[in-house]
Amino acid sequence: MTATTMRAIRQEVLGGPEVLHATEVERPTPRANQVLIRVRAAGVNPIDLKHRAAGMLLGAPPFVLGWDVSGTVEETGFGVSALVPGDEVFGMLPFPYGNGGYAEYAVAPARLLVPRPAGLSHAEAAALPMVSLTAWQALVETAGLRSGQRVLVHAAAGGVGHVAVQLAKAYGAHVIGTASTAKHAFLRGLGADEVIDYRETDFTEAVKDVDVVLDTLGEDCTERSLRVLRPGGIVVSILPIESPAVYREADRLGVRVTWMLVDADRAVLRAVAELAESGTLRPAIAGTFPFTEAAEAHRRAETGRTTGKLVLLMD
Ligand SMILES: NC(=O)c1ccc[n+]([C@@H]2O[C@H](COP(=O)([O-])OP(=O)(O)OC[C@H]3O[C@@H](n4cnc5c(N)ncnc54)[C@H](OP(=O)(O)O)[C@@H]3O)[C@@H](O)[C@H]2O)c1
C-alpha cells in the first residue's frame, strides 16, 4: 500500500456475492468542493446487492459498491471551507453515480456530509443515511405526513421500515407495521401502535382508513395497498411501479399512488442527525462485518430477513 493507493472491495464482473473481493486500487483525489473521507464504516443496502448482481444504474463493472459512509475527513478539495481534516462526518455518497463506499477512502461533495451525531458509533452512523433519506423523502416530502395520520409501513423491521416507523412516530402518526411475529416486540419498541404478521393475516382485511402507506415490497403489494387507504390517501412505493393498471386502479378508488428514488440531501440528513442525537431515532444494527468480508455481508442481506441494518467496518 502506498500513499496513493488504498484497499477497496471491487468487482470486475456481475454475479453472486463471490464476485466481491478486496484489492488495491488508486486512492481518489478530492476535486473542487469535494472531500476525501477515511471511511470507518460503510452501510450495506439491498440496492448494493442489486447492482452487484445486475449492474442496474451503474452498468458494467469494474466498480466499487457502497453509498452509506461514516468516517473522518482526510483531505479537502479546492474551495471547501465548511469541513477540515479530522472532522467526523457521515452521509450518503451521491446516489446513484457517486458509489465507492466499500473502500478505505471515498470522495464526496462536502455539502452532502454532516457531523456524526454524538452518541452514535461509526457503524450506527453508516447505517442511517440511505434508509433515513428514503423514509423521509417518502413520508415527509412525497406523502406530506402530518400529526394524527394513520401510516402503514410494510417490512417495518427492515432497514427502511425500522427508520420509517420511528420517523412517523416522531411526526405524531399512528403507525401500523408488518413483520413476522418474532419481530413484533422489536416494532413495539420502536413505537409501532399496531403490528401485523403478514404471514398469518392479510393486511388488506386487517387495516383500513390509512392516510399513508410506505410500500417497501413492490409487486402486488403496491396495488393491494391501495385498498386500505381512505379517500385521498397515498401509497408511496420505493420500488418502481411498472404497471399502468396500478395508477388506473388508484384513480378508480379515489386515492393516490407514486414511487420515488432516494436522493442525497444534506438538509434532510441534518434533520435525521438531530433526531439521532436526541435519541428519537436509533438505528438497529443486525450485524457488522470486517470490510474484507463484504461477500458474507451480502449473503446475509440476501436472506431478506435482517432486522435493521448490516454494516461493514474498516480496520
Ligand atoms: N426507491 C429507493 O430509493 C429505495 C431506497 C432504499 C431501499 N429501496 C428498496 O426497498 C426495499 C426494502 O429495503 P430495506 O433496506 O428496508 O430491505 P431489508 O432491510 O432487506 O428488509 C428486510 C425486512 O423485510 C421484511 N420482509 C420481507 N418480506 C416481507 C413481507 N412480505 N412483508 C413484510 N415484511 C417483509 C423482513 O421481515 P420478516 O423477517 O418478518 O419477513 C425483514 O425484516 C429493497 O428492495 C430496496 O432495494 C428503495
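**Entry 1: aromatic pairs**

I am working from a predicted model, so I keep that in mind throughout. I began with the rings and asked how many aromatic pairs there are. The count comes to two.

For Trp 67 and Phe 95, I find ring centres 5.0 Å apart and planes at 65°. An angle over 60 degrees counts as edge-to-face, so that is what I call this pair. I then looked up where the two partners sit: Trp 67 is in the loop between strand 4 (63-64) and strand 5 (68-76), and Phe 95 is in the loop between strand 6 (88-92) and strand 7 (105-109). They are 28 residues apart, and the pair links distant parts of the chain. I noted both Trp 67 and Phe 95 as buried.

Trp 136 and Tyr 171 make up the other pair, with ring centres 6.0 Å apart and planes at 85°, so I put it down as edge-to-face. Trp 136 belongs to helix 3 (residues 129-142), while Tyr 171 is in the loop between helix 4 (159-170) and strand 10 (174-178). The pair therefore ties together parts that are 35 residues apart in sequence. Are these two residues buried or exposed? Trp 136 has 13% relative accessibility and counts as buried, whereas Tyr 171 has 27% and counts as partly exposed.

**Entry 2: arginines over a ring**

Next I checked which charged side chains lie over the face of Tyr 105. Arg 27 does, at 3.9 Å from the ring centre. Arg 38 lies over the face of Tyr 105 too, at 5.4 Å from the ring centre.

**Entry 3: the nonpolar cores**

The largest nonpolar core has 90 residues, and Tyr 102, Leu 139 and Leu 312 touch the most other members. Helix 3 gives the largest share of this core, eight residues.

**Entry 4: Leu 36**

At 0% relative accessibility, Leu 36 counts as buried. Leaving aside neighbours within four places in sequence, I listed the contacts of Leu 36; among them are Arg 27, Pro 28, Thr 72, Val 73, Tyr 105 and Val 107.

Most residues other than glycine have a negative phi, and most peptide bonds are trans. I went looking for exceptions.

The peptide bond from Pro 61 to Pro 62 is cis, with omega near 15°. Pro 62 is in the loop between helix 1 (46-54) and strand 4. The bond from Phe 95 to Pro 96 is cis as well, with omega near 10°, and Pro 96 is in the loop between strand 6 and strand 7.

Asn 33 has a positive phi of about 70°, and its place is in the loop between strand 2 (21-26) and strand 3. Glu 219 has a positive phi of about 50°. I found Glu 219 in the loop between strand 12 (210-215) and helix 7 (220-226), exposed, with a relative accessible area of 77%.

Note on methods
Residues numbered from 1 in each chain as written. Predicted model: local features only at pLDDT ≥ 70, side-chain atom pairs only at ≥ 80, totals over all residues. Heavy atoms only, no water. Phe/Tyr/Trp six-rings, centres within 6.5 Å; stacked < 30°, edge-to-face > 60°. Helix = DSSP H or I, 4+ residues; strand = E, 2+ residues; numbered from the N terminus. Buried < 20%, exposed > 50% of the residue type's maximum accessible area, 1.4 Å probe, protein only. Lys NZ or Arg CZ within 6 Å of the ring centre and 35° of its normal. Core = buried A, V, L, I, M, F, W, Y, C linked by side-chain atoms within 4.5 Å. Contact = heavy atoms within 4.5 Å.
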